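Me: I would like to understand how the words used for a protein model are tied to cut-offs. Could we take them one at a time?

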Amino acid sequence: MIQMAQDANNHPPHFRNAAFDIVAIAASAGGLTALVKVLSTLRAAFPAAIAIVQHLAPEHPSFMAEILSRRTDITVKQAQEGDYLTPGTAYIAPPNRHLLVNDDGTLSLSQSKLVHFLRPSADLLFESVAATYKERAIAIVLTGTGSDGAMGVEAIKKMGGTVIVQDLKTAEFSGMPSAAIKTGNVDFILPLDEISNALVTLVEGECREV
């Protein structure tokens, strides 16, 4: 049974049979292909929740949740205000909305100011995840231009979380992975094909650094 209630110390809910409660993923240019690769091998009973920021055109509706749903056994949905993080479910930030994780395990959407000209911002997602889930959080930075996610990666590591970055050789666009790596706060730099297996190993067991 999944523990879904806050504890007496106002901590977010922890999921049983998981070493980490949440995986926050950032992607931009080339991200759809990379996200399909990472999510496609996850089983429906994956024991952590997933929150995704993919940079999208703000003026158009997104069909990313529908596309990804057809490529993975986990549940994929566009995040809505007040959604409660559930294991085996991936929540995607809607176009033109920041996605934030609250300390009670719910999600908030915000139209607050752009961060480095972006909304949604991976930095804001990562920082909220770091503050809430601390050492039980994983952040993943995939292909993309720019440097979004780098500040958030530092927040994740400062709070004891784990950071995975797609290596530059397999990233269609190296800007975001390179910026994350340059922070010096990365635990694993992996080819795209190896990220999903590492994620499963971390969440469901132990993973040795390479």
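Reply: Let us begin with axes, which are lines fitted to C-alpha atoms, for helices over the stretch in contact, with angles that run from 0 to 180 degrees between N-to-C directions. Please keep in mind that this is a predicted model, in which local features need pLDDT of at least 70 and side-chain atom pairs count only at pLDDT 80 or more, while totals for chains, interfaces and linings use all residues. Residues are numbered from 1 along each chain as its sequence is written, and side-chain values use heavy atoms, with hydrogens and water left out.

Me: Why are α3 and α4 called roughly parallel to each other?

Reply: The axes of α3 and α4 cross at roughly 10° and come within 7 Å. Angles under 35 degrees count as roughly parallel, over 145 as roughly antiparallel, 65 to 115 as roughly perpendicular and the rest as oblique, and α3 and α4 are therefore roughly parallel.

Me: What makes a stretch a helix or a strand?

Reply: Both are DSSP runs numbered from the N terminus, with helices (H or I) having at least four residues and strands (E) at least two. In this chain they come to six helices and nine strands.

Me: Which residues of α3 meet α4?

Reply: Taking contact to mean heavy atoms within 4.5 Å, D123, F126, E127, V129 and A130 in α3 meet A150, M151, G152, V153, A155 and I156 in α4. By class, this contact of α3 with α4 has eight nonpolar, one polar and two charged residues, where Ala, Val, Leu, Ile, Met, Phe, Trp, Tyr, Cys and Pro count as nonpolar, Asp, Glu, Lys and Arg as charged, and the others, Gly among them, as polar.

Me: Why is E127 called partly exposed?

Reply: Buried means under 20% relative accessible area and exposed over 50%, with partly exposed in between (1.4 Å probe, protein chains only). E127, which lies in helix α3, has 31% relative accessibility and so counts as partly exposed.

Me: What makes S28 count as buried?

Reply: The relative accessibility of S28 is 10%, so S28 counts as buried. S28 sits in the loop between β1 and α1, and among its contacts beyond four places in sequence are Q54, H55 and M176.

Me: Is N17 buried or exposed, and how do you know?

Reply: N17 has a relative accessible area of 73%, and therefore it is exposed. N17 lies in the segment before β1, and its phi is near 60°, a positive value in a residue other than glycine.

Me: How do you know that N96 is buried?

Reply: N96 is buried because its relative accessible area is 17%. N96 is placed in the loop between β4 and β5, and N96 has a positive phi of about 65° although it is not a glycine.

Me: What joins the side chains of T106 and D104?

Reply: A polar contact of 2.6 Å joins them, the term being used for a pair of N or O atoms within 3.5 Å, of which, within protein, one must be able to donate a hydrogen and the other to accept it, and residues adjacent in sequence count only if both atoms are side-chain atoms. T106 is itself buried, since its relative accessible area is 12%.

Me: Which residues have the most contacts inside the largest nonpolar core?

Reply: They are I25, I50 and L142, in a core of 64 residues, where a nonpolar core is a set of buried Ala, Val, Leu, Ile, Met, Phe, Trp, Tyr and Cys residues joined through side-chain atoms within 4.5 Å.
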